[in-house]
Amino acid sequence: ADPCGWVVWHAGGRKLPVWGKDGVVLRTTKMKTVAGSQSGLMGRHALARLAVDPSPKVVWKVEGPTDLMALLGIIPPEKRDKHLVVCNAGGANENIRPEIAELFSGHRVFVLHDADRPGEAGAAKWLEAVGRVASEVRQVRLPYEIADSHGKDLREWIREHRM
């Protein structure tokens with residue numbers, strides 16, 4: 001389908017300024033959702049592959065766009081059509097609409113969220129929603145203690161384990 005929204009984030013994971021009407025920075029944020037956007041999935045390559053090729057694939061559902069980019073960066077190019085990476089636009093605790101879950105029908109899905117309470121709660125929602133349609137669904141937990149918030153993420157794990 002056509003894009004239903006736009007999300008802006010810094011590719012390096014830095015915070016973005018949120019400007020007030022008077023030109024003063026009110027606060028910073030990790031991501032900005034453009035006004036009028038609806039929730040949906042991100043990961044153009046994965047969504048295009050799912051749309052044109054129904055054969056079973058491995059789909060990695062990560063928590064956010066920086067994790068999506070980090071995981072794409074370590075998947076060998078020859079495997080990128082069989083190992084797809086997506087994230088949702090509405091944050092860790094977003095509810096999953098049935099038509100979104102249906103995209104995972106028949107695929108092996110690995111849900112990999114941040115090591116924090118919101119990440120765990122969000123992963124549980126994805127496991128339940130996608131578990132109804134996927135051929136297999138599993139949670140992949142990062143080897144970190146679960147923090148109350150702002151826990152370690154996939155990007156940090158990759159950084160720690162890069163050769």
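Reader: Is phenylalanine 104 buried or exposed?

Author: Phenylalanine 104 counts as buried because its relative accessibility is 1%. Buried means under 20% relative accessible area, exposed over 50% and partly exposed in between, with a 1.4 Å probe and protein chains only. This is a predicted model, in which local features need pLDDT of at least 70 and side-chain atom pairs count only at pLDDT 80 or more, while totals for chains, interfaces and linings use all residues. Residues are numbered from 1 along each chain as its sequence is written, and side-chain values use heavy atoms, leaving out hydrogens and water.

Reader: How many aromatic pairs does the search find?

Author: The search of the whole structure finds 2 aromatic pairs. Rings of Phe, Tyr and Trp (its six-membered ring) pair if their centres lie within 6.5 Å; planes under 30 degrees apart are stacked, over 60 edge-to-face and the rest tilted.

Reader: Where do phenylalanine 104 and tryptophan 126 sit in the chain?

Author: Phenylalanine 104 is in the loop between α3 (98-101) and β8 (108-112), and tryptophan 126 is in helix α4 (residues 117-131), 22 residues apart. Helices (H or I, at least four residues) and strands (E, at least two) are DSSP runs, numbered from the N terminus. Tryptophan 126 is also buried, with a relative accessible area of 2%.

Reader: Turning to the sheet, what is the strand order?

Author: The open sheet of 5 strands has the order β5-β7-β6-β8-β9, with mixed pairing. β5 (41-42) and β9 (136-139) each have a single partner strand, so one side of each lacks a neighbour in the sheet. Two strands pair if DSSP finds at least two bridges between them.

Reader: How many bridges join β5 to β7?

Author: There are 2 bridges between β5 and strand β7 (residues 83-88), and these strands run antiparallel. Leucine 41 has asparagine 88 in β7 as its bridge partner. By contrast, β6 and β7 run parallel and are joined by 5 bridges, with valine 58 opposite histidine 83 in β7.

Reader: Which way do the residues of β6 point?

Author: Val58, Trp60 and Val62 point one way, Val59 and Lys61 the other, and all are buried.

Reader: What does helix α2 lie across?

Author: Helix α2 (residues 65-74) lies across β5, β6 (58-62) and β7, at about 170 degrees to β7. Axes are lines fitted to C-alpha atoms, for helices over the stretch in contact (heavy atoms within 4.5 Å), and angles run from 0 to 180 degrees between N-to-C directions. The buried residues of α2 are Pro65, Thr66, Asp67, Leu68, Ala70 and Leu71.

Reader: And the cavities: what lines the largest cavity?

Author: Its lining includes Leu41, Asn88 and Trp126, and the largest cavity has a volume of about 60 Å³. On a 1 Å grid over the protein atoms alone, a cavity is a set of points where a 1.4 Å probe fits but cannot get out, and lining residues have an atom within 4 Å of a point. Grid points are joined across faces, edges and corners, and a volume is the space filled by probe spheres set on the points.

Reader: Finally, is proline 143 buried or exposed?

Author: Proline 143 is exposed, with a relative accessible area of 60%, and lies in the loop between β9 and α5.

Conventions: 1 Å grid on protein atoms, 1.4 Å probe; cavity = no way out; pocket = protein on both sides within 12 Å on 5 of 7 lines; lining within 4 Å.
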